[in-house]
Amino acid sequence: MKPPTDMFGKEIKEGEAYFVVNDRAIHLDSMEDYFIEVLGATVHERKKSLTAGTVNDQNKSHQ
């Protein structure tokens with residue numbers, strides 16, 4: 001019997017975790033593919049470290 005696979009072809013082995021969305025399995029290792037290909041997300045890379053209370057170099061703390 002062929003082992004089950006997720007919607008991207010990743011084999012789901014016994015004991016491995018996966019999500020089910022709209023009756024389709026998504027292996028944890030395929031989550032980035034799901035976000036990009038299905039949800040249309042874009043990947044961003046941090047170039048600078050954040051300091052506490054800042055987002056995009058703007059202070060977001062409550063004053």
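This is a predicted model: local features need pLDDT of at least 70, side-chain atom pairs count only at pLDDT 80 or more; totals for chains, interfaces and linings use all residues.
Let me begin with His27, which has a relative accessibility of 4% and therefore counts as buried, the limit for that class being under 20%.

His27 sits in strand β2, which covers residues 24-27. What does the side chain of His27 make a polar contact with? The partner is the side chain of Glu16, at 3.0 Å, and the side chain of His27 also reaches the backbone nitrogen of Asp29, at 2.9 Å. If we leave aside residues up to four places away in sequence, His27 touches Asp6, Lys10, Glu11, Ile12, Glu16, Ala17 and Tyr18.

A search of the whole structure finds 1 salt bridge, and Lys10 forms a salt bridge with Asp29, with the closest N and O atoms 3.5 Å apart. This pair links distant parts of the chain, since Lys10 belongs to the segment before β1 (18-21) while Asp29 belongs to the loop between β2 and α1 (31-38), the two being 19 residues apart.

Now to the nonpolar side of the surface. Which residues make the nonpolar surface patch of about 430 Å²? They are Phe35, Ile36, Val38, Leu39 and Val43. Taking Leu39 from that group, we find it in the loop between α1 and β3, the latter being residues 54-55, and with a relative accessible area of 53% Leu39 is exposed.

Let me close with the chain as a whole, so that these local details have a setting. The chain holds 1 helix and 4 strands, and along the sequence these follow the pattern β-β-α-β-β. Of its 63 residues, 14% count as buried, and His27, with its 4% relative accessibility, falls in that buried class. Among contacts between residues at least 6 apart in sequence, 14% join residues at least 24 apart. Finally, the accessible surface of the chain comes to about 5,700 Å², and 50% of that surface belongs to carbon and sulfur atoms.

Key
Residues are numbered from 1 along each chain as its sequence is written. Side-chain values use heavy atoms; hydrogens and water are left out. Buried means under 20% relative accessible area, exposed over 50%, partly exposed in between (1.4 Å probe, protein chains only). Contact means heavy atoms within 4.5 Å. Accessible areas come from the Shrake-Rupley method with a 1.4 Å probe; for residues, only the protein chains shown count as cover. A polar contact is a pair of N or O atoms within 3.5 Å; within protein, one must be able to donate a hydrogen and the other to accept it, and residues adjacent in sequence count only if both atoms are side-chain atoms. A salt bridge is a side-chain nitrogen of Lys or Arg within 4 Å of a carboxyl oxygen of Asp or Glu. Patches are made of residues with over 30% relative accessible area and no salt bridge: like charges are joined within 9 Å, nonpolar side chains (Val, Leu, Ile, Met, Phe, Trp, Tyr) within 5 Å.
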